[in-house]
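This report looks at a single residue in its setting and then turns to the chain as a whole. Please have the sequence and the model at hand while reading.

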Amino acid sequence: MSTTLIAPEKISTLLKSMRTPSVVGVCRAPGRVNLIGEHTDYNGFSVLPITIKKEIHALFFSRNDHIISLSNDNPQFSPVSFINSEHIAPSATGAWENYVKSAVVAINKKFNVKDYPGFHIHISSDLPIASGLSSSSALVITSALAYLKILGIELNKKISRPELSELMAEAEHFVGTRGGGMDQTVILNGGENYACKIDFFPIKTQLIPLFEDFIFVVCDSTIRAPKTGSCLSKYNSGPIMCSIATAIFERYLQEKIDKSIKIQRLSDLWSGDLCLTLKEILELNNTIFTKETLTSREIANLLNISPTHLREKWLKEIEEPPNGFPLKAKVRHVITEHSRVELCRDALIANNPYTFGQLMNESHKSCAKDYEISTPELEMLTKIARKAGAIGSRLTGAGFGGCTINLIPKENVEKFMEEVEKEYYRKYLGLSSAKGMFIAETADPADYIKLEHIKT
Ligand code: NG1
């Protein structure tokens, strides 16, 4: 690729503002849409996302001091700078520089950086934010690629793509969310015309060709769900509930089988020494959790700790729902979702779009009922989409708003988009036209861009 979203005039103005920087470069990272496998990644179970041709591009160049300065074409993100040092503190929750900081902090630590070089990074993007299309991780990855180049660390030589994915997945926790590694991994390892099946701990990726006669369409519900803003506590409640359930499984198995059993995440029940089948895990889930919901006192009893300890160690800011915490349903979703991912991979390989679509519909139901991450708008949008000809329709990403992903026979796409525009965007939302509905064209993974007119 030799074109960039960054306007040529912007590039020359920015470069003129610096006196002969020693390193100059441009890099890009695509957004992603998850086809299936929601909230499985941080539990160690698989996911099946694609990269999309909506991207973040960054122009970067070295500075002669220790300042990291940021600018953005989008006026919503004001210019900002911070000092590169051993201790970089996070800015206020939601601040955009936190994504750049997260990459810098992790790279400093991993490569034992001691000279803390400064650089400028300018961002241009056509990737919508807070829509479940992973703009946050795309920004983390562009920042990482920029900083690696500034440091003279070559991707694929000194750090492999899966290694960088793992490093950046952990790094992003700096912004306050407790997500898994799906986004960073597909952004760095996905491919044009492929879905990327990802397994975690350790990361393994498999590229699988997409259907030829069926395509994926993304529809934006238009409801914004900022993970580092109003949705932070809602988003983190998923990982927290799953960690608590994991600890309860561990304690139960230690008492019933062996004191030395260690279960760090739900997938350890399946891929660890115990090697339980998914069916056995679901049975165990029914045995351990005799009720659908538990109060914090009941959870504390199961873990043999005090309610205060439970709050301090696990629950933190998460409020207790009036009916108690739905741990059993959370586990049920994660386990059944993992099996749907495996079946979808098989359906792709066997070129069986109808099975794939049916699994997408089941996934949506499980996300809504068991994981409780849907909204009235996402319910309406998926319902309209199925009526308009989607053979599978589901919310994609963290949930609470954002986008849906829809599988449509190629020849029906136009009709599908017209119908959804009419029924959802115009009738239901009262808008004058569709907003954020597009065919999901897949993209190359994140990389550097060679531009003729600048020496990189
Ligand atoms: P998005 O859709 O980008 O908010 C988040 C997590 C993923 C995964 C999904 C739910 C981050 C960076 N991303 O994605 O790891 O857990 O939710 O499947 O936290």
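## Placement of R161

In which helix is the place of R161? In this predicted model, R161 belongs to helix α4, an element that covers residues 161–171.

The relative accessible area of R161 is 14%, and because buried means under 20%, this residue is classed as buried. When residues up to four places away in sequence are left out, R161 touches L155 and N156, L188 and N189, and also P445, A446 and D447.

## Overall fold and dimensions

The secondary structure of the protein consists of 14 helices and 12 strands. Its radius of gyration is 22 Å, close to the 23 Å that the globule rule gives for 456 residues, so the protein is as compact as a globular protein of that length.

## Packing and contacts

Among the 456 residues of the protein, 56% count as buried, and R161 is one of the buried residues. Of the contacts in the protein with a separation of 6 or more, 74% are accounted for by residues 24 or more positions apart.

Key: Residues numbered from 1 in each chain as written. Predicted model: local features only at pLDDT ≥ 70, side-chain atom pairs only at ≥ 80, totals over all residues. Heavy atoms only, no water. Helix = DSSP H or I, 4+ residues; strand = E, 2+ residues; numbered from the N terminus. Buried < 20%, exposed > 50% of the residue type's maximum accessible area, 1.4 Å probe, protein only. Contact = heavy atoms within 4.5 Å. Rg over C-alpha atoms; globule rule 2.2 N^0.38 Å.
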